[in-house]
Amino acid sequence: MSVSELSTSAQNYLKAVWSLGEWSEESVTVSAIAERVGVRLSSVSDAMRKLGEQGLVEHTRYGAIALSAQGRAHALAMVRRHRLIETFLVRDLGYGWEEVHDEAEQLEHAVSDLLVERLDAHLGRPSRDPHGDPIPAADGSVDQPEAQLLATLPAGTRVRVERISDADPRLLTFCAAQGIVVGAELEVREGPEFSDALEVSLVGSSGAVPLGRSATEAIWASETGGA
């Protein structure tokens, strides 16, 4: 069965379950899904029951929600649609990376499987979207980049930005203005004492940008060496 045969609601729930666990080790719960999708707890509980009856999700110990093999395949198909659309909007239609999430949320339910494959070919089969999130391949495989939250990386290192969360468009706008984009290399230093911040500078640049927790916990990076 194609993911296109599922209802929009089911598509959203399956994608939410997978996305919540993509960059986090925490269990996926009904309350986390409700917050992500923007609905009441009772609505999520009812939806999980129905998806469970269809064999798409499983309730595990302590109330956690997990995807079945078929549920995971459908979730990845939706993630693939979303991220290919985002990439197309940025590369071909001139959207800013802070603008594309909501557009893709609407369009992902309307496109056909054929259009998704044509988009993938047209874009040169990209492996990452504009925010650095991996784009699942047609076979469901995911090339997850090795990256850590910037907040967890030690000061005094040089890092490459691998991913920036698209949860806050204002952060994306700020980062773009500072040159902090996917692929950028940064030197990381400790911020002022008691500031709970880091200071970063683009490699080769003398200017430093202070980043608080709201930023360092939304940016994933990989170490490339000492600063």
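In this predicted model, Ala10, Tyr13 and Leu14 of helix α1 meet Ser43, Val44, Ala47, Met48 and Leu51 of helix α3, where contact means heavy atoms within 4.5 Å. Local features need pLDDT of at least 70 and side-chain atom pairs count only at pLDDT 80 or more, while totals for chains, interfaces and linings use all residues of the predicted model. Residues are numbered from 1 along each chain as its sequence is written, and side-chain values use heavy atoms, with hydrogens and water left out. Helices (H or I, at least four residues) and strands (E, at least two) are DSSP runs numbered from the N terminus.

The axes of α1 and α3 come within 11 Å and cross at roughly 95 degrees. That makes α1 roughly perpendicular to α3; angles of 65 to 115 degrees fall in this class, those under 35 count as roughly parallel, those over 145 as roughly antiparallel, and the rest as oblique. The axes are lines fitted to C-alpha atoms, for helices over the stretch in contact, and the angles run from 0 to 180 degrees between N-to-C directions. By class, the contact of α1 with α3 has seven nonpolar residues, one polar and no charged. Here Ala, Val, Leu, Ile, Met, Phe, Trp, Tyr, Cys and Pro count as nonpolar, Asp, Glu, Lys and Arg as charged, and the others, Gly among them, as polar.

Helix α3 (residues 41–53) also packs against α2, with axes that come within 9 Å and cross at roughly 110 degrees. The two helices α2 and α3 are therefore roughly perpendicular to each other. The crossing of α2 over α3 is right-handed; a crossing is right-handed if the near helix is turned clockwise from the far one by less than a right angle, and left-handed if anticlockwise. Val30, Ser31, Ile33 and Ala34 of α2 make this contact with Leu41, Val44, Ser45 and Met48 of α3. Six of the residues in the contact of α2 with α3 are nonpolar, two are polar and none is charged.

From α4 the contact takes Arg80, Arg81, Leu84, Ile85, Phe88 and Asp92, and from α6 Asp113, Val116, Glu117, Leu119, Asp120 and His122. The residues in the contact of α4 with α6 are five nonpolar, one polar and six charged.

The strands come next. Strand β4 (residues 157–164) pairs with β5 in the antiparallel sense over four bridges; two strands pair if DSSP finds at least two bridges between them. Arg158 stands opposite Glu187 in β5, and the bridge partner of Glu187 in β6 is Ser201. Strands β5 (residues 185–190) and β6 (residues 198–202) are antiparallel and joined by five bridges. Val188 has Val200 as its bridge partner in β6, and Val200 in turn has Val209 as its partner in β7. Strands β6 and β7 (residues 209–211) run antiparallel and share three bridges. Their hairpin has six residues between the strands, and Gly204 takes a positive phi near 90 degrees.

The count of aromatic pairs comes to one. Trp23 and Trp220 form this pair, which is tilted, at 5.3 Å centre to centre and 55 degrees between the planes. Rings of Phe, Tyr and Trp (its six-membered ring) pair if their centres lie within 6.5 Å; planes under 30 degrees apart count as stacked, over 60 as edge-to-face and the rest as tilted. Trp23 lies in the loop between α1 (8–22) and α2 (30–37) and Trp220 in strand β8 (residues 219–226), so the pair ties together parts that are 197 residues apart in sequence.
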